[in-house]
Amino acid sequence: VGSRAAVGAALTAACANIAAVEGATDAPAPADTDAALVRRIAAGEHDALRELYARYGALAHSLARRLLGDRQLAEEVVQDVFFTFWRQARRYDPDRGRVVTWLIRLTRNRAVEQLRGDPPAVAAAAAEAEGVARAVADLPVPQFEVLRLAYFDGLPPAEVAERVGVPPGAVQARLRLALNGMRSLAEPRERVEG
Amino acid sequence: VSAFDTRQALAAHALGVLPDDEAREVEERASEDRDLARELDRYRATVRALERVLPREPAPAHLFEAGRKVPRAWSLPSVRPRHLAVVAGVAVLVAALGVVVLRGGGPEPDARAELIPASGGRVRGEALLFDAGRDDARLVVRLRNVPAPEPEHHYQVWVLRVGTGTPEPVGVFSARGEFEGEFSLPGRGRYAALDVSIEEDGGEPEHSGRSLAAGTFT
């Protein structure tokens, strides 16, 4: 009691709803879809946040790094983005878009907030980077998963196969499908003349 | 490697992730087969387009690795409000990844404080002070029965030096259940007490007046 008094008089106040909050966070954990992950995050499950970071952390970091050109700033943005997910997960509405789209847009916005320079140039660079990130994120989940491990983590097909639980041949096939699905990124852009 | 396998391996080769022997074999086959070569070129163009925009780097695991400290600059009272959320983000993710900063087998602390609920609740724990006489003084906080923070709130650790009436912030965290974290202290000094407050995300860098737990160093 004495130790409480020493600090408490100056610093403390009641925390009336601690018990209520404490009892409200034991949600079941099955889901593997993004939306289910966000529901689990909203329920206070740290493992779900970890899973979301494993799934999209590299993409978010890469996007932030591209826009900011600075590793330290990109890391700050990524931390901020995932912390925002933690705080705002309960506001997520699946009808308004995919989780990864939300994440990419949030990353872009946070990065742009840090940027200085010619606004049109910043906007153009951000739009291009966001477009490529979304092309990656829009791949079917099995293709996205193997591409993420091969592209960002640099893992060979055999190791990717171990991670995702399919034969190496299936990994190679999915990588082919993924790159075929993103062919338009490499095609020359049509010039739109006004 | 059959012709079919070679074709399947083209994308992995364009991504540069095939083992050397398989990569050599794909190159040889592609040099003899125009269709394969064209397909490989197409994949390489796509990979180049990706690389031009998205640097190929894994997610930075070191941000959340065990033992990572909250950077000192973010722990000082002069922390900018914008960064408060970032600091909290670090702490949330540190907690989320189950990070535990243990000093098992390490030196004895210079001081210890039993942490008890400031106003109800079941939270209990202790705070250990290391190297209090040095500029790199550190604080280890261990808590159990930590309630999940209220929405858009986090916890902040404060210390009170002997002879001062102003609590100094040393770091933030978010956790539920058990928490253990290490924080950098503002510097050398005689620390009298510690308090864990409940703070609103992005709020003012001042004590909110609401405490989760507190204790005095002995």
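**Close-up 1. A salt bridge (a side-chain nitrogen of Lys or Arg within 4 Å of a carboxyl oxygen of Asp or Glu) joins the side chains of A:Glu128 and A:Arg66 at 3.6 Å, N to O.** A:Glu128 belongs to helix H7 (residues 119–137) of chain A and A:Arg66 to helix H4 (residues 46–68) of chain A, so the pair ties together parts 62 residues apart in sequence. Helices (H or I, at least four residues) and strands (E, at least two) are DSSP runs, numbered from the N terminus. A:Glu128 is buried at 18% relative accessibility, whereas A:Arg66 is partly exposed at 28%; buried means under 20% relative accessible area, exposed over 50%, and partly exposed in between (1.4 Å probe, protein chains only). The model is predicted: local features need pLDDT of at least 70 and side-chain atom pairs count only at pLDDT 80 or more, while totals for chains, interfaces and linings use all residues. Residues are numbered from 1 along each chain as its sequence is written, chains are lettered from A and ligands numbered from 1 in the order in which they are written, and side-chain values use heavy atoms, with hydrogens and water left out.

**Close-up 2. A:Glu145 and A:Arg148 form a salt bridge of 2.8 Å, N to O, between their side chains.** Both residues lie in helix H8 (residues 141–152) of chain A, three residues apart, about one turn of the helix. A:Arg148 is buried, with a relative accessible area of 11%, and A:Glu145 is partly exposed at 22%.

**Close-up 3. In chain B, the side chains of B:Glu180 and B:Arg142 meet in a salt bridge of 3.0 Å, N to O.** B:Glu180 lies in strand S6 (residues 177–184) and B:Arg142 in strand S3 (residues 138–146), so this contact ties together parts 38 residues apart in sequence.

**Close-up 4. A network of salt bridges links A:Asp34, A:Arg40, A:Glu51 and A:Arg55.** Over all chains, the structure holds 27 salt bridges.
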